[in-house]
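This report concerns ligand surroundings, the nonpolar core and backbone geometry. Please consult the sequence and coordinates shown here.

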Amino acid sequence: MAYKIIASQCTGCGACEFECPNEAISENENVFAIDPDKCTECEGYFDSPQCVSVCPVDETCVLL
Ligand code: SF4
Ligand code: SF4
């Protein structure tokens, strides 16, 4: 399982990019996306998914 960013809701603030312990989040022309092959749901690093925790827009980072 992996998290996904709903592109239409993402404001491009960039807050999530540097919080990801797996460097799974990247930006391309102000659109942020999660590489599902790198996302581990933050397991082993944090009790909750950091992209969800820091994202200012509710339900923008969601489980695939
Ligand atoms: S859930 Fe964790 S590992 Fe997955 S993209 Fe978000 S911050 Fe990165
Ligand atoms: S924290 Fe949320 S709004 Fe900001 S870039 Fe990441 S997904 Fe988009």
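The model is predicted: local features need pLDDT of at least 70, side-chain atom pairs count only at pLDDT 80 or more, and totals for chains, interfaces and linings use all residues. Residues are numbered from 1 along each chain as its sequence is written, while chains are lettered from A and ligands numbered from 1 in the order in which they are written.

A residue is near a ligand if its C-beta atom, placed from the backbone, lies within 6 Å of it. Ligand 1 is surrounded by 15 residues, the closest being Cys20, Cys39, Cys42, Pro49 and Cys51. Around ligand 2 there are 14 residues, of which Cys10, Cys13, Ala15, Cys16 and Cys55 are the closest.

The largest nonpolar core has 11 residues, including Cys16, Cys20, Ala24, Ile34, Cys39, Cys51 and Cys55. Such a core is a set of buried Ala, Val, Leu, Ile, Met, Phe, Trp, Tyr and Cys residues joined through C-beta atoms within 7 Å; buried denotes 20 or more other C-beta atoms within 10 Å, exposed 12 or fewer, and partly exposed in between.

Glu29, although not a glycine, has a positive phi of about 55 degrees. Glu29 is exposed, because 5 other C-beta atoms lie within 10 Å. Glu59 likewise has a positive phi of about 55 degrees, and Glu59 counts as exposed with 9 C-beta neighbours inside 10 Å.
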